[in-house]
Amino acid sequence: MMNLALEIPYWGQSLLRVLGGIGAVLLPAGTIVYLFLFKMMSFMQSRLGPMEAGPFGSMQLLAEVGKWLQKEDIIPENADAKIYKIAPIIVLVSTFLLVVVVPFGPDAVFTNFSAGVFYALAIGSVSVIGILVAGWSSANKYSLLGGLRAAGQLIAYELPMVLAVVGVVIQAGSMNLQDIVVAQNSGSIFGWDGVGFPFVLTQFVGFLIFMIAVQAELTQVPFDMPIAESELVSGYMTEYSGFRFLIFFIGEFATAGVFAFIASVLFLGGWGIPFSWFGWESLDAVDNWMNIVGPIIMLTKMLVLTGIIMWVRFSYPRFREDQLQRFAWKVLIPLSLANIAVTAILKVAI
Amino acid sequence: MSSLFAADVNIAQNVGFYIIAAIMLFGALRVVTGRNVVHAALWLVVVLGGVASQYLLAAAEFVAISQVMVYIGAVMVLFLFGIMLTRATIGEESDLNNKNWSIGIPVALLLAGTLVWVIVDQYGGEVLTSPEEPMSTTAISDVFLREGLVPFLALSFVLLAAAIGAIVLARKD
């Protein structure tokens, strides 16, 4: 058995956490853009996508980033310059703050909040402020409309997201993401512990609601009313160019990755493999090599989930604004409330 | 001053408290002196974020997260949403001051004075020891589903009544 029991000093741990945090945000963003936005979309539309830069166009991403960085940073004359400059940074920072609670292994955690899920949902709502002020400070009516639509949509879909998570919290008996991972991997299905007990089995409704809400929170098609290019040019991003647009762009796909991480922790067992395979009894008994394998498992699950998000994005037409609001308030929220009630009753009864 | 550097007091925590408090005071002043409504609202976000960080310093993790969720994520977003829906002017505005400010300031000072006096009178001599670890969410939920159950339910009914009232007021037909 491999043993990686190293003693890392505090400064080393902090350095690892900072580098890991940057990696955990930027690596998924780059992978999603290349794999799904460049390649999967192209194949679905019977074309090849970028092929020139690097083998199979794999260096295209660097070319794009280089292109954005050298563009002029244009600020409209009537814009509120200070806030206009800060807005994209608020969005990206909220993504970095979001990844902090995600556990990637038994010891590979940034921080171990006892109210981890709650923190993730709270920080997820901070980016709305960035989007709103981006729309307002651009001094452009398309931007303002886009910002307002985004805020209305994000408020509406945050509720079903929070309520969908409550089912998982009831079942795991904890808000700590690490505890939720352990609960899923040390569980058993009617005494058979071959695959642990991923909550997607009992919380399938919650999982569906969560993924739909994530799709809407990310303003991906079919929920892209805030940036609807045929009506609003590009919504709250209309006036942004150069590296500020790049920050919005990275923020969008990085948040997709981080939400997929959170969904895989909540519903698909997170970094863990069923503890019974190696006879681990608790979190402390898990071997150290899981700190290396765990992030790889998380990355795989993240790619599957973002693959689904992107697949839906490339397949469906856009919802109208009223359909979008009605769907959240009249379908998703009542359904998630019913899910909570059923979960709570079954939890007490069984 | 000596109590700030006593052996059982966490100095880093105290220094952090005063730094954040200074930022919060500055933000609060900017909220009322600013010439633009959206800027004032954004300074209010800074103040509320400061409150959340003070809770974190006091190891009240759950309260801090609730603060972010409720005040920054919901209340301030609705504030900004409302402002931008109704008056979205960019740049300085001149008619922001209310006529009643001369009454408002003494009332605010009186309120602040009373609160400070009450707190100093009650807890002035006490030194809080730094907690071993943050209060767990389970402990909090145990408290307000056992001893605090009646006030908790009463509050829920008040909120329900407010929600129903808002719907009744907003409905035209």
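Residues are numbered from 1 along each chain as its sequence is written, while chains are lettered from A and ligands numbered from 1 in the order in which they are written. Because the model is predicted, local features need pLDDT of at least 70 and side-chain atom pairs count only at pLDDT 80 or more, whereas totals for chains, interfaces and linings use all residues.

**Chain A**

Chain A contains twelve helices and zero strands; helices (H or I, at least four residues) and strands (E, at least two) are DSSP runs, numbered from the N terminus. The radius of gyration of chain A, taken over C-alpha atoms, is 21 Å, which agrees with the value near 20 Å that a compact globule of 350 residues would have. That globule rule is 2.2 Å times the number of residues to the power 0.38. Further values for chain A are tabulated below.

| Property of chain A | Value |
|---|---|
| Span of the C-alpha trace along its principal axes | about 65 × 45 × 45 Å |
| Share of buried residues | 49% of the 350 residues |
| Share of contacts joining residues at least 24 apart, among those between residues at least 6 apart in sequence | 81% |

A residue is buried if 20 or more other C-beta atoms lie within 10 Å of its own, exposed if 12 or fewer, and partly exposed in between. Two residues are in contact if their C-beta atoms lie within 7 Å; for both terms the C-beta atoms are placed from the backbone.

**Chain B and its interface**

Between the chains, 24 residues of chain A are in contact with 21 residues of chain B. On the chain B side, α2 (37-57) and α3 (61-86) are the elements that give two or more residues, and α3(B) provides the largest share, 13 residues.

Within chain B, B:Ile23 lies in helix α1 (residues 11-33) and counts as partly exposed because it has 15 C-beta neighbours inside 10 Å. Leaving aside neighbours within four places in sequence, B:Ile23 is in contact with B:Val46 and B:Gly50. The C-alpha atoms of B:Ile23 and B:Val46 are separated by 8.2 Å.
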